[in-house]
Amino acid sequence: MVNEKNRISLFTGVLIVIANMIGISAFSNLGIQLMYQTSYIEVILVWILGALIALCGALSYAEVVCIYPENGGEYSFLSKMYNPTIGFLAGWISITVGFPVSIALSAKVYASYFFADADQMFIASGIVIATTILHFLGYNSSMVFQKIVTLTIVIVFIGLITFGLISPSKSALYDNYSTINYAQDNLKVIKNFVIALIFISYSYTGWNSVTYMVADFKKPSRTIPRILFIGTLFVGICYVLLQVVLLKHLKYDELKGSLNVVMTFVNKLSDGQYTVVIKGFITLLFISSISIMTWVGSKVLYQMTIKSNTFSCMSSN
């Protein structure tokens, strides 16, 4: 357990939520979304609804944390609320599939993103090993590294949005999309809205990260609800504003089906001058994602280990 002086503050907790939520999918999903939706208003509404759903989930978890302020996330919650067996299954899935697969996938996607001609498996493995060693060095090194990386991401992200909002568009805000809207029956509109929402929902995952390390916070019953609310709301606002910026500057044909819309946006507005900055930003996104999942995921394994005597008693009965 963490000693009292090293307990995590509200500010660091918000950064943990942001680090686990902001991922590369938020910078590519618009291209997929426009394959189903062509109305500017509908596109933005999906992102707003996704933010509200995530916020409802965060507030629900906040209530549970106030009742069961323990590390372990779903493992601890389900064990207490329903049955230790259900909690064990949830924890087992987290430590064998949830976190490991997400870490491996992030590393592999990053390697394929920037090192298409190299040994991607070797590079991906090296990133995971290096990140693990960093966290192995100690609690303080983990926290300092994660704070620096996340703060850098937040600053660049806000700068990107501000840059897009204040830069003049070559066409009116709605002009790019008014010509491609076409009459659709209500059933098709609803169906496409739901499909788009499914894709968007993946961008909003990760707000529950702090629930895996509840006991590491100062006054968790009071701090965790604030962290979940502030972190989730911040990311939701940033995501909505990012889509407004992209739709403001890029045409439908430039966005539809593209998985690299942010790079297209920056290259268009800066004539390619800030490509290196965006590549560095994307690198930090992947590193942050791998780092936070490595750090948080270990909390579940530790909690399951110290509770192993509970499972032994359960099996003997």
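User: In which hand, left-handed or right-handed, does α4 pass α5?

Analyst: The model is a predicted one, and in it the axes of helix α4 (residues 74-81) and helix α5 (residues 84-114) come within 7 Å and cross at roughly 165°. Angles over 145 degrees count as roughly antiparallel, and α4 is therefore roughly antiparallel to α5. The crossing in which α4 passes α5 is right-handed.

User: Which residues of α4 and α5 make that contact, and how many of them are nonpolar, polar and charged?

Analyst: On the side of α4 the contact is made by Glu74, Tyr75, Leu78 and Ser79, while α5 contributes Pro84, Ile86, Gly87, Phe88, Ala90 and Gly91. Sorted by class, the contact of α4 with α5 has 6 nonpolar, 3 polar and 1 charged residues.

User: How are α10 and α12 oriented to each other?

Analyst: Helix α10 (residues 220-249) and helix α12 (residues 261-270) have axes that come within 10 Å and cross at roughly 55°. Angles under 35 degrees count as roughly parallel and those from 65 to 115 as roughly perpendicular. The crossing of α10 and α12 is left-handed, and the two helices are therefore oblique to each other.

User: Which residues meet where α10 and α12 touch, and how many are nonpolar, polar and charged?

Analyst: From α10 come Val245, Leu246 and His249, and these meet Val261, Val262, Phe265, Lys268 and Leu269 in α12. By class, the contact of α10 with α12 has 6 nonpolar, 1 polar and 1 charged residues.

User: Is isoleucine 200 buried or exposed, and which residues does it contact beyond its sequence neighbours?

Analyst: Isoleucine 200 lies in helix α9 (residues 186-201), and with a relative accessible area of 0% it counts as buried. Isoleucine 200 and serine 28 are 172 residues apart in sequence, yet their C-alpha atoms are 10.0 Å apart in space. Once neighbours within four places in sequence are left aside, the residues in contact with isoleucine 200 are Asn29, Gln33, Val46 and Trp47.

User: Is glutamine 303 buried or exposed, and what does it touch?

Analyst: Glutamine 303 is part of helix α13 (residues 275-306), and because its relative accessibility is 5%, it counts as buried. Not counting residues up to four places away in sequence, glutamine 303 touches Glu70, Asn71, Gly72, Tyr75 and Ser76.

User: Where is lysine 219, and what is its phi?

Analyst: Lysine 219 sits in the loop between α9 and α10, and its relative accessible area of 57% makes it exposed. Although lysine 219 is not a glycine, its phi is positive, at about 45°.

User: What share of the contacts with a separation of 6 or more is between residues 24 or more positions apart?

Analyst: The protein has 14 helices and 0 strands, and 47% of its 317 residues count as buried. Among contacts with a separation of 6 or more, the share that joins residues 24 or more positions apart is 81%.

Methods: Residues numbered from 1 in each chain as written. Predicted model: local features only at pLDDT ≥ 70, side-chain atom pairs only at ≥ 80, totals over all residues. Heavy atoms only, no water. Axes fitted to C-alpha atoms, helices over the stretch in contact; angles between N-to-C directions. Helix = DSSP H or I, 4+ residues; strand = E, 2+ residues; numbered from the N terminus. Left-handed = near helix turned anticlockwise from the far one by under 90°. Contact = heavy atoms within 4.5 Å. Nonpolar A, V, L, I, M, F, W, Y, C, P; charged D, E, K, R; others polar. Buried < 20%, exposed > 50% of the residue type's maximum accessible area, 1.4 Å probe, protein only.
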